[in-house]
Structures are given as structure tokens and as C-alpha cells.
Amino acid sequence: MDTRERLIETTRELLWERGYVGTSPKAIQQRSGAGQGSMYHHFHGKPDLALAAITRNADELRERARTAFDGPGTVTDRVTAYLRRERDALKGCPVGRLTHDPDVMADPELRRPIEETFAWLTATLAGLLAQGRADGELDPALDPQATAAALVAVVQGAYVLARAAGTADLYAQAVDGALALIRPHRQKENH
């Protein structure tokens, strides 16, 4: 891994662990093994490096979600694959956790990849849910946009519950509850 990559990966880790304020240039340099000159050779400063790290986190979140959404099976199968994919529930979401960071949220450039990622995630889920509704798999009364927003909120909230309780079981319980919201619609048989 070259120096630029080490700097980005280190910053990703530190942002996840400590937030923006706790991610000092000195901490980045010490953990990455890169000198100050190397850091400023590749990046204009901490905000530039943080933007690269946040963008990388956002891109990876999208790619993992896309893998589940584009996978095999019904809409319910694909949404289930997304919700139940392996995560470190106690560590939290590397993108979602940054929404609690006032310095990130106050900076439009740092906030942009986070906003774009959650907008993409919600829109993609809404499209899948609309497809499931149109195909008769899901309840015709289901509101795809509202349900997509609820599913994204459940994932982020499930991380909070798991971290607060110190157990990933609460994450799994929240996902099970969310999946109950989109159980496939079954037409009543005419007798």
C-alpha cells in the first residue's frame, strides 16, 4: 500500500474511532507511519484528507449495498440480504456515525458524500420496494419512499441500540422487526 493509501485508510479508521476533532494530523501521521511532508504532499490538509476518507467510506457503503440489491431472488430476498449482511454492529456505521460529528456536519464539503450516500440508499431501496409492490410481491398499500426511509433509519438506529446495550443482538432484533414491515403480500384465496 502506498503512502497516499495508508493516509486515507488511517484517516478512515480514526474518523470511525474518534470523530473529526479527535483525528489530528499528528495521530494520522503516527498511525500511518507517514511523515508530515508526505501527508501534505498528497493532501492540502486535514479537511482534504478527511474528505478522501469519508468519500471512500461512502463509496464502500454503496458498493456493499449494491451487491445485495443486485443479487438474486425476490425484492424481499434482496432487501433481506442488505439488512442482514455481515456488519460490526457494535462499531457502528462508518458513514452514519459521522452525522453525529458537528464539525463534519458544519462543513458542506465533508457533509456532501454522507448526504449523497443516504439519498442514494433511500432512493435505491424505494425503487426496489416499488418494483416489489408493482409485481404483487409486496402490499399494494406500501409506500416505497416512506418504507425505504424507515429501513435506512432502522439500520442506523439499530447500530445505536446495539452500541448502547453492548450487544449485537439488538441490531438483529431491529432488523427482524423491519423485515416484518415488508413481508411479501399474500393475496387471499377466494373460497
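Predicted model: local features only at pLDDT ≥ 70, side-chain atom pairs only at ≥ 80, totals over all residues.
Residues are numbered from 1 along each chain as its sequence is written, and side-chain values use heavy atoms, with hydrogens and water left out.

Let me start with the overall picture. The protein chain has nine helices and zero strands, where helices (H or I, at least four residues) and strands (E, at least two) are DSSP runs numbered from the N terminus. Its C-alpha trace spans about 80 × 30 × 30 Å along the principal axes.

Now to the packing. The axes of α4 and α7 come within 8 Å and cross at roughly 10°; axes here are lines fitted to C-alpha atoms, for helices over the stretch in contact, and angles run from 0 to 180 degrees between N-to-C directions. The two helices α4 and α7 are therefore roughly parallel, given that angles under 35 degrees count as roughly parallel, over 145 as roughly antiparallel, 65 to 115 as roughly perpendicular and the rest as oblique. Contact means heavy atoms within 4.5 Å, and the residues that make it include Leu51, Ile54 and Phe69 of α4, with Trp120, Leu121 and Leu125 among those of α7. By class, this contact of α4 with α7 has 15 nonpolar, three polar and five charged residues, where Ala, Val, Leu, Ile, Met, Phe, Trp, Tyr, Cys and Pro count as nonpolar, Asp, Glu, Lys and Arg as charged, and the others, Gly among them, as polar.

Helix α7 (residues 108-134) also packs with α5 (residues 75-84), at an angle of about 155° and with the axes 9 Å apart, which makes α5 roughly antiparallel to α7. On the α5 side the contact is made by Val75, Arg78, Val79 and Tyr82, and Leu121, Leu125 and Leu128 are among the α7 residues. The contact of α5 with α7 divides into seven nonpolar, two polar and one charged.

Finally, which residues lie nearest the centre of the largest pocket? They are Trp16, Arg64, Gly92, Cys93 and Pro94, out of 20 lining residues. The elements giving two or more residues to this lining are α1 (3-18), α4 (46-69) and α8 (144-165).

Definitions and conventions:
1 Å grid on protein atoms, 1.4 Å probe; cavity = no way out; pocket = protein on both sides within 12 Å on 5 of 7 lines; lining within 4 Å.
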